[in-house]
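Morning, everyone. I have one structure to walk through, and I'll keep it brief.

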Amino acid sequence: MTDMTLYLLIALAPLAGCLLAGLFGNQIGRKGAHTATILGVGVSAVLSAQVLWGFINGTRAKFDENVYTWLTMGGTDFSVGFLVDSLTAMMMVVVTSVSLMVHIYTIGYMKDEEVGYQRFFSYISLFTFSMLMLIMSNNFIQLFFGWEAVGLVSYLLIGFYFKRDSAIFANLKAFLVNRVGDFGFVLGIGLVLAYFGGSLRYADVFAYLPNVQNVSFLGTDLITVTCLLLFVGAMGKSAQFPLHVWLPDSMEGPTPISALIHAATMVTAGLFMVSRMSPMYELSTTALSVIMVIGAITALFMGFLGTIQNDIKRVIAYSTLSQLGYMTVALGVSAYSVAMFHVMTHAFFKALLFLAAGSVIIGMHHDQDMRNMGGLRKYMPITWLTMLIGNLSLIGTPFFSGFYSKDSIIEAVKMSHLPGSGFAYFAVLASVFVTAFYAFRQYFIVFHGKERWREAKHDHHAHGHDDGHHHGLAPDQNPHESPLVVTLPLMLLAIPSVIIGYLTIQPMLYGDFFKDVIFVDAAAHPVMHEMAQEFHGAMAMVTHSITSPVLYLAIGGVAAAWFLYCAAPQLPAKIQAACKPIYRLLENKYYLDAIYFAVFARGARVLGNLFWKVGDTMIIDNGIVNGAARAVGSIAAQVRKMQTGFVYTYAATMVFGLLVMIVAFFWNLWFK
């Protein structure tokens, strides 16, 4: 099998499953739909693993070729092409493996769905295909195609329960916010096409960079403007402040898609794009500082919001926002490999957390309100253990995958000297405590303490369940462990959540894995060079953590959560009552939704009314169209009076016209 055939098969296998489930779902039935889509994604996952292994053992070389030229215009080719290197291969394995786990899990999670089962499998396979096209692209046009395709499919998935108003509002919100980011992204691509040699192929653009390094544009340099515009697109897709508001509301979709969007696919697209464009970003310290500060704000302030959530999925959603902030900070300090390392480890433990949350929701008969849970440990042991593993990895516990990537980010920020690095270091350090607190707050509320559903009122069960019906356990019912088709993906995801960081930190961060793929100007941004000198192995990193404040902040967060929700469960209500203004600020999500609604939604309505009443009605309708008609009618009404039907009137008119002509003739003759 040639390389081209292999890569086409990896990309198109999920699309084939999508088409089978989507177009022939009624004919092949539920079993046929999930079999076709799982087979397609499974083929892609196995072949992606084969490609990655080839890069690891050195038997596979970088591939950069066009597959198909769509059109040529003005000397510029608009093509479909693949760029497969170690960065692409790593992302291919992460996307396809997590997607495969989600596909398998969905069989159990969606088994009670009466309608939409085949449609859902079709959507998630299409999502996987779109993401593969994005990460495998070798040019900006195909990147933009994949970029928009994952946005479109996420819109369909978030609004899967389209009969619920909240789902329609959530998917519209996601669509509109991402359009804001995509507008900047398109402008950035336009600048690349206009000024970077007339080509949209990555290799050509990177080769042309020395020619535009000192070009001025809009009062600054062209590189900075281009990088910032491209990053605006990343802010939308990767949910960075202030374009983060869509992501928590995307919980309206079924839990499997929450795992797929928030773990390995859509939200990492922006991070992948910036890493791929590292040769461009290394030329703009200003752009890097902006990226770092925005990431730091997202990491800390979105974490705060996670501390007050009562919906089990929303806690994990705000955790995703905070962790995306960590990754973005790493990009800002030129630690691109560290950011992608955290993308990989985060994909596994965050998918694990979401799917474990879904298992809890199944056990609670689709009640997502944590206030109705408690004591689930003895009823759902597999879900309990896997969720504990996911949370331990999330907070950066030594020997777990998240420890190696998260600590590396904090160390990179500590060594940075970019403007704003001091604030960024404080933010990521404080976020360690906040993350540990909200993660184990959720854990203790759900799995420990008294069994609160036995006391819960039925109106509590209306909180965000997936199918729109009011569910929840009755006081005399007990939760039950989920079936094997649900728990098997949890167990499989728990394995990399523990070991993948230890196994891969050395080659990915300090070896040759990203050599000639990610470019870092070591003279201008020496963070990775300095970290390499201090790295003495994964075990030494664990030993060093004992002397680091990071470990003790994490322990402090866990201890605070245990004290408030296990030892003294009456205290949170008292703290909330004493800190009402702060709680109200967090509950209203810093009032950003209200501001956006007042300024943009209502502002657009006011502007629309202005254009309608003044521009359309007054100027166009009454002024131009109807005004012209009235003017013609008025003139005609006066001219009509001259048509009397009498011969002497017409003779007088002819004589008057002749006199006017004679006077005009002699006037010109005398005054010429």
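Start with helix α3, residues 86-109. It has 24 residues. From its first C-alpha to its last it reaches 34 Å, close to the 34 Å expected at 1.5 Å a residue. Keep in mind that this is a predicted model.

Is α3 mostly covered or mostly open? Mostly covered. Of its 24 residues, 22 are buried.

Now look at the start of α3. Asp 85 sits there, and one of its side-chain oxygens reaches to within 3.2 Å of the backbone nitrogen of Leu 87.

Next, the record. What does the chain do over residues 70-121? By content, the stretch is 56% helix and 25% strand. Its end C-alpha atoms are 30 Å apart.

Where is it? In the loop between α15, residues 336-363, and α16, residues 381-394. Is Asn 372 buried or exposed? Its relative accessible area is 1%, and the cut-off for buried is under 20%, so Asn 372 counts as buried. The side chain of Asn 372 also has a partner: it makes a polar contact with the side chain of Asp 367, at 2.9 Å.

Last, zoom out to the domains. The assignment for the protein chain gives domain 1 as 3-455 + 480-568. Domain 2 is 594-670. How far apart are the C-alpha centres of domain 1 and domain 2? The answer is 62 Å.

That's my tour. Over to you.

Note on methods:
Residues numbered from 1 in each chain as written. Predicted model: local features only at pLDDT ≥ 70, side-chain atom pairs only at ≥ 80, totals over all residues. Heavy atoms only, no water. Domains from an automatic or database assignment. Helix = DSSP H or I, 4+ residues; strand = E, 2+ residues; numbered from the N terminus. Buried < 20%, exposed > 50% of the residue type's maximum accessible area, 1.4 Å probe, protein only. Polar contact = N/O pair within 3.5 Å; in protein donor to acceptor, adjacent residues only side chain to side chain. Expected span 1.5 Å × (residues − 1).
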